[in-house]
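Subject: Structure for you to look at

Hello,

Here is the structure I said I would pass on. Please open it next to the notes below.

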Amino acid sequence: MRQIDHHIVGGAGGNAGRLGDVLDPNNGGVQAQVALGDKALLDRAVAAAKAAQLAWAAVNPQRRARVMFEYKRLVEANMDELAQMLSAEHGKVIADAKGDIQRGLEVVEFCCGIPHVLKGEYTQGAGPGIDVYSMRQPLGIGVGITPFNFPAMIPLWMGAVATAVGNAFILKPSERDPSVPVRLAELFLEAGMPEGIFQVVHGDKEMVDAILDHPDIAAVSFVGSSDIAHYVYERGVRAGKRVQAMGGAKNHGIVMPDADLDQVVSDLTGAAFGSAGERCMALPVVVPVGEDTAQRLRDKLVPAIEALRVGVSTDPDAHYGPVVTQAHKEKVEGWIAKCADEGAELVVDGRGFSLQGHEKGFFVGPTLFDHVTPEMESYKEEIFGPVLQIVRAPDFETALELPSKHQYGNGVAIFTRNGHAAREFAARVNVGMVGINVPIPVPVAYHTFGGWKRSAFGDTNQHGMEGVKFWTKVKTVTARWPDGSPDGGNAFVIPTMG
Ligand code: NAD
């Protein structure tokens, strides 16, 4: 059985020996085992990070940026291998796996410009003979704890920015699909990053707790489900760390009566069912405004959903592949049963889907519910599968209220031809990322990613300038170079510019 090891300085030898199964979503069964680390292993990684970090921080930013340039070239050269590896453990189709890697690489591209971003501020003559300047300095050692659903993009959101600004970074990826994160770390070494600056430790709760309690780790960036995000946030902050923790989502797509419904249906099927709905920016709730819009939308949606092709992740014609584990398949099917029990109309039922030759794969067929209401548990909670729920709204204000009042506030989209309605919606909706005729409004790398409410704990977003802020601290210097002439003696009151 293939074993996936940690990627730390000195090798993974001496690991306590616990192993976790890495499943094969296309066929069922176990395809590899991943080493699950403990506190002793983390201590070794932290010691190596400590030994390397100060020298890395002292490397001029242009040279650190050159590592990022080379890294981008290397990841592109290895794109096919990485995408296959990702798809085999996650279950997303190859083209989508490439998108996962590419969105991470775009953060690396942003980091190629890190010298410019780190320039700081300067005021000449803030007082008589006094200059004030600020600089951004790295925190020391940072950790990223990442979910299964973007095993390339999310580690690079964190790790590229953290290292480009001069930190040592330790990645604790999801134990469900750990191979790509290790390969990403190997490629950083190949690109010229010193040993100890980008390491990978695998593990589950035991490792996460060791990270949260470790006195030498200055910052933790987490992405995963909301309950764990909240736990990580609380425990990490209690230990004095800087923590950002992104959680789950239930994104709504509002469809106004004037929307181009053919376009909406095409956007919705991709956004609700792509990657088997296992995206924090998926669109699992659609809110048509007015009964006529709802009926017209449903009439177009049903045949589009029935035409979706579910296949193995290597099938180039498949729209989406299996979900990540058997347990997750059962959970999603459990939510389908629950939503039906709660009184919603089950229009297309994806349960019991079986793919010939892959009967043990973790497939769930596309599912559509109509007449879902805000009181239903299945509406309130994240399903994270290929399930689309229609919640009908009589008017714009009701439609605006639904995502605004929902416990999650990651993303939202409005489909309309009316600029005023779109503008009003974007200004008033209580959600962190808004799409206007864009179903999955994941901001580009030089902007920043982050939800509101239970979709994110902490106050800085991922990547872009917010990422740079998270991974650095500001030092402000007030400097005076006296010319030797008397200046009025000691001052016993606070100096002011009055
Ligand atoms: P998860 O919360 O199960 O796992 C995330 C990380 O936490 C993993 O590294 C895992 O090992 C660790 N972990 C799991 N259980 C833990 C525990 N009890 N104590 C400590 N650590 C633990 O999430 P997942 O299933 O891997 O990913 C899917 C979730 O992530 C969804 O809720 C999705 O919405 C969310 N997500 C959010 C964003 C975002 O940016 N907001 C992006 C991607 C995914």
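Helices α3 and α7 are roughly antiparallel to each other, because the angle between them is about 155 degrees and angles over 145 count as roughly antiparallel. This is a predicted model. Helix α3 covers residues 79–90, and its axis lies 9 Å from that of α7. On the α3 side the contact is made by Leu 82, Met 85, Leu 86 and Glu 89, which meet Ser 179, Val 180 and Arg 183 in α7. Sorted by class, this contact has four nonpolar, one polar and two charged residues.

Helix α7 (residues 179–190) also packs against α2 (residues 61–77), with the axes 9 Å apart and an angle of about 130 degrees. The helices α2 and α7 are therefore oblique to each other. Their crossing is right-handed. Here Tyr 71, Leu 74 and Val 75 of α2 meet Leu 187, Phe 188 and Glu 190 of α7. The classes in this contact are five nonpolar, no polar and one charged.

Next, the nonpolar cores. Which residues touch the most other members of the largest one? They are Val 161, Ile 211, Val 220 and Val 232, out of 82 residues in that core. Helix α6 (residues 153–164) gives the most to this core, with nine residues. Leaving out residues up to four places away in sequence, Val 232 touches Ile 145, Val 208, Leu 212, Val 220, Phe 222, Val 243 and Ala 245. Another core, of 59 residues, lies apart from the largest one and includes Val 93, Ala 271, Val 323 and Ile 383.

Regards

Definitions and conventions: Residues are numbered from 1 along each chain as its sequence is written. This is a predicted model: local features need pLDDT of at least 70, side-chain atom pairs count only at pLDDT 80 or more; totals for chains, interfaces and linings use all residues. Axes are lines fitted to C-alpha atoms, for helices over the stretch in contact, and angles run from 0 to 180 degrees between N-to-C directions. Helices (H or I, at least four residues) and strands (E, at least two) are DSSP runs, numbered from the N terminus. Angles under 35 degrees count as roughly parallel, over 145 as roughly antiparallel, 65 to 115 as roughly perpendicular and the rest as oblique. A crossing is left-handed if the near helix is turned anticlockwise from the far one by less than a right angle, and right-handed if clockwise. Two residues are in contact if their C-beta atoms, placed from the backbone, lie within 7 Å. Ala, Val, Leu, Ile, Met, Phe, Trp, Tyr, Cys and Pro count as nonpolar, Asp, Glu, Lys and Arg as charged, and the others, Gly among them, as polar. A nonpolar core is a set of buried Ala, Val, Leu, Ile, Met, Phe, Trp, Tyr and Cys residues joined through C-beta atoms within 7 Å. A residue is buried if 20 or more other C-beta atoms lie within 10 Å of its own, exposed if 12 or fewer, and partly exposed in between; C-beta atoms are placed from the backbone.
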